[in-house]
Amino acid sequence: MIELLKELIKIKSDTKEGANDALLFCARWLEEKGETVKVHDNKGYLMLTAEKGQGAEKLIWNGHVDVVPGHDEQFTPMEELGRLYGRGSADMKAGVAAMMQAFTELDPEGLNREVHLHIVTDEEIGGHNTSEWLVSQGYSGNFVICGEPTGLKVGLQSKGILHMDMVFKGKPAHGSRPWEGINAIEQAMKYHMAMAELPFRKESTEYYEQPSVNLAIINAGKRYNMVPEVCEMSYDIRFMPGQDPKEITRQMVELGDTLNIDFDYKSSSSTTPALTTTAENPYIQTLQESIRSNTGNEPILFGQHGAADTRYYAAVNGGEGAIEFGPTGDDWHGNAEYVEISSVHEYKDILLSHALSEA
C-alpha cells in the first residue's frame with residue numbers, strides 16, 4: 001500500500017492530463033488485483049467506480065488524485081522518520097491508496113452491504129465534473145466517506161457557503177471638497193463595521209464557535225481628486241448547520257436600511273448547503289467503534305470550516321451522511337506536505353472493519 005502511495009505521488013497530477021494519468025494508473029492497479037473497474041469520462045475529466053458486496057445499503061469511499069501545483073522535487077516521494085513527504089501525500093493520495101488497498105481486501109461474501117469505490121480527478125477545482133457528476137448519474141449511497149486528511153478525526157459536519165455581492169452608492173464630488181459628496185468607500189466601511197454585530201454572527205453550535213465571514217473583494221475609487229461614487233464589496237460567508245442563508249441575507253439587507261445606506265446586492269447561496277450529520281447517525285456510531293478497536297483512542301468528532309466533495313453526496317440525503325475522514329498529515333498545499341505512514345495503515349484497517357460492521 002505504501003509503495004502504491006509512492007507511485008501515486010510520482011505522478012504529477014496537478015493538471016487535468018496528469019490527474020487523468022493518475023486515475024488510469026489506479027484503474028490498472030485495481031484491475032491487476034482482479035477488481036472490476038468502470039472508467040467514466042465527463043468533459044475530458046476521468047473518474048472510476050468499482051463495487052462489491054450485496055444488500056440494500058450502499059457505503060461509498062470517495063477519493064481524489066488531483067493535487068494543487070507543487071515544486072518538481074515534491075513529486076519525488078521521500079520517507080523519513082515515519083513520514084512520507086511529497087505533493088498529495090496527505091491531500092489525498094494517502095486516503096486513495098488506503099481505500100484501494102482496503103477495497104481489494106474486502107471479501108464480498110462477508111459483506112451485508114454494497115461498498116463502492118469512487119476515485120475522481122477535479123476535487124481541487126470544485127469537483128463539478130466528477131463527484132458532482134457521479135451523484136447526478138445516480139452514484140450515491142447511504143453513507144459516504146471522503147478520505148481527506150483529518151488526522152483520523154471524524155469531520156461529520158461542514159459549513160455551507162453564501163456569497164453576497166454588494167454595491168454601495170455614494171455621490172461624486174471634487175476631492176478637495178469631500179463634504180459636498182458621499183464617499184461610497186466610507187459607506188461600505190460603516191456597513192462592514194456594523195455587520196459584526198448582526199445576530200447571525202453571534203450564534204454558535206456544538207462544533208462551531210461562529211460562522212466564518214470573509215470580506216473577500218473590494219473594488220472602488222479611480223482618482224485621487226474624486227470622491228468615489230461606487231464601492232463594490234463581496235463577502236464569502238460560511239454559515240453553520242442550523243443557520244438559514246435566507247435569514248442571513250435578510251439581516252444584511254436590513255442592516256443597510258437601518259444605516260440609511262444606498263446599496264444594491266446579489267445573494268447566491270450556491271449549491272453548497274451545510275452538512276448536518278450528527279453523532280447519532282448509526283454509521284457514525286459504528287465508525288467510532290472501528291476507530292476505538294483499531295487505534296485504542298477515543299474518537300474525536302468535529303466540524304469542518306471548508307467544503308469538500310462531501311457536499312454533492314449529502315445533497316441527495318438532506319444534508320446528511322457524507323463525512324471527511326482520513327489519515328494524519330500536515331502542510332497539505334504547502335512545501336513540506338507529508339503523511340504519517342502508521343496512520344495510513346490504521347486508516348485502512350478502520351475502513352475495513354467499518355465496512356463489515358452492523359449499522
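Before any clicking, one convention: two strands pair if DSSP finds at least two bridges between them. Helices (H or I, at least four residues) and strands (E, at least two) are DSSP runs, numbered from the N terminus. You're looking at a predicted model, where local features need pLDDT of at least 70, side-chain atom pairs count only at pLDDT 80 or more, and totals for chains, interfaces and linings use all residues. Residues are numbered from 1 along each chain as its sequence is written, and side-chain values use heavy atoms, with hydrogens and water left out.

**Stop 1: the four-stranded sheet.** Select β4, β5, β17 and β16: in that order, these 4 strands make an open, antiparallel sheet. At its edges sit β4 (78–80) and β16 (329–330), each pairing on one side only. Now zoom in on β16 and β17 (residues 338–340), which run antiparallel and are joined by 2 bridges. Pick D330 and you'll find its bridge partner, Y338, in β17.

(Contact means heavy atoms within 4.5 Å; axes are lines fitted to C-alpha atoms, for helices over the stretch in contact, and angles run from 0 to 180 degrees between N-to-C directions.)

**Stop 2: two helices crossing.** Keep α3 (residues 89–105) and bring in α1 (residues 2–10): their axes come within 9 Å and cross at roughly 135 degrees. Where do they touch? L4, L5, L8 and I9 in α1 meet S89, K93, A94, V96, A97 and M100 in α3.

**Stop 3: β2 and its partners.** Select residues 45–53. Because 7 of the 9 residues of β2 are buried, this strand is largely enclosed by the rest of the structure (buried means under 20% relative accessible area, exposed over 50%, partly exposed in between, with a 1.4 Å probe and protein chains only). Then show β6 (residues 114–120), which pairs with β2 in the antiparallel sense over 6 bridges; look for T49 opposite H118.

**Last stop: Q251.** Go to helix α6 (residues 245–258), where Q251 has its place. Buried or exposed? Q251 counts as buried, at 7% relative accessibility. Leaving aside neighbours within four places in sequence, Q251 is in contact with L198, P199 and F200.
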